[in-house]
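Trainee: I am new to this structure. Please take one part of it and walk me through that part closely.

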Amino acid sequence: MKIDEIELRSVLLPYRSPFRTSFGSESQKHATIVTVRSEGVEGYGEGVFDPFPMYREETIPGALHLLRNAFGPDLLANGCDHPSEVAARWAHWRGNPMAKTALELAVWDCYARQQGVPLRALLGGDRTEIPVGASLGMNPVEVTVASVTQHVEQGYKRVKLKIEPGWDVEVLAAVRAVHPDIELTVDANSAYTLNDMDLLNQIDEFGLHYIEQPLHWDDMVDHASLAKQLRTELCLDETLTSPARVKAALDMGACTVVNIKVGRVGGLQAVREIHDLCVARNVPMWCGGMLETGIGRAHNIHLATMPGFVFPGDTASSSRTYARDITEQQLEAIDGIMAVPEGPGIGVTLDRQFLDTVTEAVEVVR
Ligand SMILES: [Mg+2]
């Protein structure tokens, strides 16, 4: 496939309400929408890098530099026969999985649209709907309990609470008092250390489905040690940045559940490799979220149709995050089930009129 041009669009989209995690509180999304144009067909990807390296190391300025000066020019000069080949071609540029993914996703979408098939079909996903859970930011205890109840009533299949030391045992006790049996998980986003064993042992008592990334954001060794001390299963998120690192984490017992974020692992081809490894080892996977716009969310929904994604993911309704999204199709879960957007590619199109009102900058690489 010949790529004619690549558009890099910086978007600033307000959240419906601030989202508080152990990183801090955020009130708006800095999204980067990447469009590739090939012989009259467009495909879309979304970058999940942030203005500052709060989640992983990549930042918007760094990613735009690489898209503009490395990955973009390579793709424009050489095209590709199949989207599965492009990430490997960029391997000599080390790391930066999120920057690579933003463009790789757009190539996958464009290719699927040219073939006239939904993206999930290229990934081996045969489901047309997926179960989804909800991830709740940190709020006062009574607000959190009410929010859990609301999401359970809306049919969400799993509820995840963001926690940090001192914001954990009390809120879990309050939620479990009202909802003793729901599928409940916590995500610490690396807020604990092995010096917090007293708290971690208490968290271990709440019958959680798994504990997500309790320790350092790049660690495997301490997680492997912790896994031996807890009954609750450990899931890694931030640490898992490539297929090789997923294999290493599983080999050393650092986790028994795998969170997939396509941007963090370096693209859809990397997801396919991790998927096959996890399926072969009977390791459950689920699709995380980065509060994506409808473009990234649609990609997440398609990849979560692959058979190894056995736990509900974070691909909840767009309206939980945004009063208005940038896609024409609204991605809404009904009774905890998200329908896969129909049509070629990721099945969504841009609401260009609204998109222009939330666009901060556009550049085209030719
Ligand atoms: Mg997480």
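Mentor: Start at one pairing: C235 has V257 in β10 as its bridge partner. Keep in mind that this model is predicted. β9 and β10 run parallel and pair over two bridges. How does the chain get from β9 to β10? It passes through helix α9, residues 243–251, and this β-α-β crossover is right-handed.

Now look along β10 itself, residues 257–260. V257 and N259 point one way. V258 and I260 point the other way. All four of these residues are buried. In general, side chains of a regular strand alternate between the two faces of the sheet.

Move on to the next strand. β10 and β11 are parallel and joined by three bridges. Here V258 has M285 in β11 as its bridge partner.

Go back to C235 and look towards β8. E212 stands opposite C235 in β9. Strand β8 covers residues 211–212, and β9 covers residues 234–236. These two strands also pair in the parallel sense, over two bridges.

Now step back to the whole sheet. Seven strands form an open sheet, with the order β5-β6-β7-β8-β9-β10-β11 and parallel pairing. β5 (134–136) and β11 (285–287) stand at the edges. Each has a single partner strand, so one side of each is left without a neighbour in the sheet. In general, strands of a sheet pair through backbone hydrogen bonds.

Helix α5 takes in residues 141–153. Its 13 residues, at 1.5 Å a residue, should span 18 Å. The end C-alpha atoms of α5 are 18 Å apart, which agrees. Which residues of α5 are buried? They are T144, V148 and H151. Seen down the axis of α5, the buried residues fall within an arc of 70°, so they line one face of the helix. What do they pack against? The buried residues of α5 pack against β5, β6 (159–162) and α6 (169–178). On the other side of α5, the exposed residues are E142, V143, Q150 and E153. After α5 comes G155, with a positive phi near 95°.

C235 stands opposite E212 and is bridged to V257 in β10. V258 then carries the link to M285 in β11, and β11 is at an edge of the sheet.

Definitions and conventions:
Residues numbered from 1 in each chain as written. Predicted model: local features only at pLDDT ≥ 70, side-chain atom pairs only at ≥ 80, totals over all residues. Pairing = 2+ DSSP bridges. Helix = DSSP H or I, 4+ residues; strand = E, 2+ residues; numbered from the N terminus. Expected span 1.5 Å × (residues − 1). Buried ≥ 20, exposed ≤ 12 C-beta atoms within 10 Å, placed from the backbone. Arc of directions from axis to C-beta. Contact = placed C-beta atoms within 7 Å. Right-handed = clockwise from strand over helix to strand, strands pointing away.
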